[in-house]
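Trainee: Could we go through this structure together? I would like to start with the charged side chains and then move on to other topics.

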Amino acid sequence: MPVMVRGSYSDLLDPRFRKIEDEEKHKLHEDVIPFLYGTPGATQPFRDTERDSEISGLPRAGQFTGSVDYASFYQGYDTIASYMEFAQGIQIERLLLEYDQFNKIEARPRSLIRSMYRRRQFDAYRFLRNAFSVDTFFHNRSEGVALCSNSHTTTTGVSTAAGFDNLVTSPYSDTALAAMVIQAANVRDLQGEPEEVILDTIIAPIDLYEEVWESIASMGKVDVATNNRNVHYGAYTIIFLRNKVDFTDTNDWFAADSTKMKDNVLWFDQVWPGGGPETGFTEDFDTFYAKYRAYSRYTNMIKDWRPLLGAQVS
């Protein structure tokens with residue numbers, strides 16, 4: 001296990017240096033969890049998993065012709081999310097702490113907070129990074145289909161030829177957004193009845209900053225000579241994915257029904273007290289090494305695909 005010792009940090013022990021810069025002073029990226037997830041809280045008492053199931057509604061009523069037609073409810077799909085543990089630690093030689101001329105080593109344990117926060121953001125972006133493939137790292141939905149797919153299924157036996165598709169391939173444009181709004185209006189529930197998905201949020205990589213902003217903020221249609229009004233003007237909240245490490249794609253974009261998304265895209269914290277990881281400290285009796293650690297435990301789940309439409313742009 002690596003240990004921070006004096007021999008590796010000679011600059012910190014040398015009083016001739018006027019200043020030593022500290023990368024940790026830079027601000028962290030914006031926390032995306034409040035924007036993308038609902039946060040209902042972990043089940044009490046704590047369990048290894050969070051479980052969700054669904055039951056269908058009824059099909060639309062038929063005409064009464066002398067005898068009542070009896071309809072059936074159907075069991076839908078199950079979603080099981082498993083809690084994962086995350087931890088990071090550092091070891092520091094006691095004399096390095098005491099001889100440090102700039103008090104930088106003393107602040108190193110704070111780096112654990114940033115390390116855990118970075119892991120958390122990486123996982124928060126995960127469902128968007130993997131929206132077009134089956135991802136079972138945190139949760140497993142018994143449908144067994146990618147979050148954004150044109151091959152969604154149902155348990156009721158109704159036709160899935162229309163209304164079970166939340167995947168497009170078009171690059172972002174005003175026209176593509178309008179087509180996605182119309183596609184969302186055709187989304188069906190388990191019984192093949194209308195789901196009424198109303199897209200009010202665009203989720204896009206920062207690479208599409210100009211295109212998305214112009215299409216939403218312009219009163220007229222963008223880059224045309226006519227005086228046509230822009231149907232998208234002021235109609236959407238925009239979530240730009242500014243973290244290009246955790247979301248590297250430059251073309252893929254999404255649109256969501258924010259109310260339904262907060263009900264179906266869920267984040268569960270078991271250990272993240274006071275908005276940060278659990279921390280601990282001890283000193284090794286024989287070596288005088290100071291040991292610091294941080295720990296968290298959380299999971300997330302996507303209960304239903306319908307609130308989100310995704311564009312996988314080739």
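Trainee: Does Arg-141 count as buried or exposed?

Mentor: This is a predicted model, and in it Arg-141 counts as buried, because its relative accessibility is 13% and the cut-off for buried is under 20%.

Trainee: Which side chain does Arg-141 meet in a salt bridge?

Mentor: The side chain of Arg-141 meets that of Glu-143, at 2.7 Å from N to O. Glu-143 is buried as well, with a relative accessible area of 11%.

Trainee: What about Arg-126, which side chain does it meet in a salt bridge?

Mentor: Arg-126 meets Asp-135, with 2.7 Å from N to O. Here Arg-126 counts as buried at 16% relative accessibility, while Asp-135 counts as partly exposed at 22%.

Trainee: Changing topic, how much space lies in the largest pocket?

Mentor: The largest pocket holds about 290 Å³ of space. Its lining is made of 16 residues, and those that lie nearest the centre are Glu-30, Phe-35, Ile-238, Ile-239 and Phe-240.

Trainee: Which element gives the most to that lining?

Mentor: Strand 7 gives the most, with 4 residues. Sorted by class, the lining has 8 nonpolar, 5 polar and 3 charged residues.

Trainee: Now the outside: which residues form a nonpolar patch on the surface?

Mentor: The patch is formed by Ile-55, Leu-58 and Phe-73, which together have about 330 Å² of accessible area. To find Ile-55, look in the loop between strand 1 (49-52) and strand 2 (79-82).

Trainee: Why does Ile-55 count as exposed?

Mentor: Ile-55 counts as exposed because its relative accessible area is 60%, and the cut-off for exposed is over 50%.

Trainee: Last topic, the backbone. Which peptide bond is cis, with omega near -10°?

Mentor: That is the bond from Gln-44 to Pro-45, and Pro-45 has its place in the loop between helix 2 and strand 1. As background, most peptide bonds are trans.

Trainee: And what is phi of Glu-196 near?

Mentor: Phi of Glu-196 is near 60°, which is a positive value in a residue other than glycine. In general, most residues other than glycine have a negative phi.

Trainee: Where does Glu-196 lie?

Mentor: Glu-196 lies in the loop between helix 6 (174-185) and strand 6 (201-205), and at 59% relative accessibility it counts as exposed.

Methods
Residues are numbered from 1 along each chain as its sequence is written. This is a predicted model: local features need pLDDT of at least 70, side-chain atom pairs count only at pLDDT 80 or more; totals for chains, interfaces and linings use all residues. Side-chain values use heavy atoms; hydrogens and water are left out. On a 1 Å grid over the protein atoms alone, a cavity is a set of points where a 1.4 Å probe fits but cannot get out, and a pocket is an open set with protein on both sides within 12 Å along at least five of seven lines; lining residues have an atom within 4 Å of a point. Grid points are joined across faces, edges and corners, and a volume is the space filled by probe spheres set on the points. Helices (H or I, at least four residues) and strands (E, at least two) are DSSP runs, numbered from the N terminus. Ala, Val, Leu, Ile, Met, Phe, Trp, Tyr, Cys and Pro count as nonpolar, Asp, Glu, Lys and Arg as charged, and the others, Gly among them, as polar. Patches are made of residues with over 30% relative accessible area and no salt bridge: like charges are joined within 9 Å, nonpolar side chains (Val, Leu, Ile, Met, Phe, Trp, Tyr) within 5 Å. Accessible areas come from the Shrake-Rupley method with a 1.4 Å probe; for residues, only the protein chains shown count as cover. A salt bridge is a side-chain nitrogen of Lys or Arg within 4 Å of a carboxyl oxygen of Asp or Glu. Buried means under 20% relative accessible area, exposed over 50%, partly exposed in between (1.4 Å probe, protein chains only).
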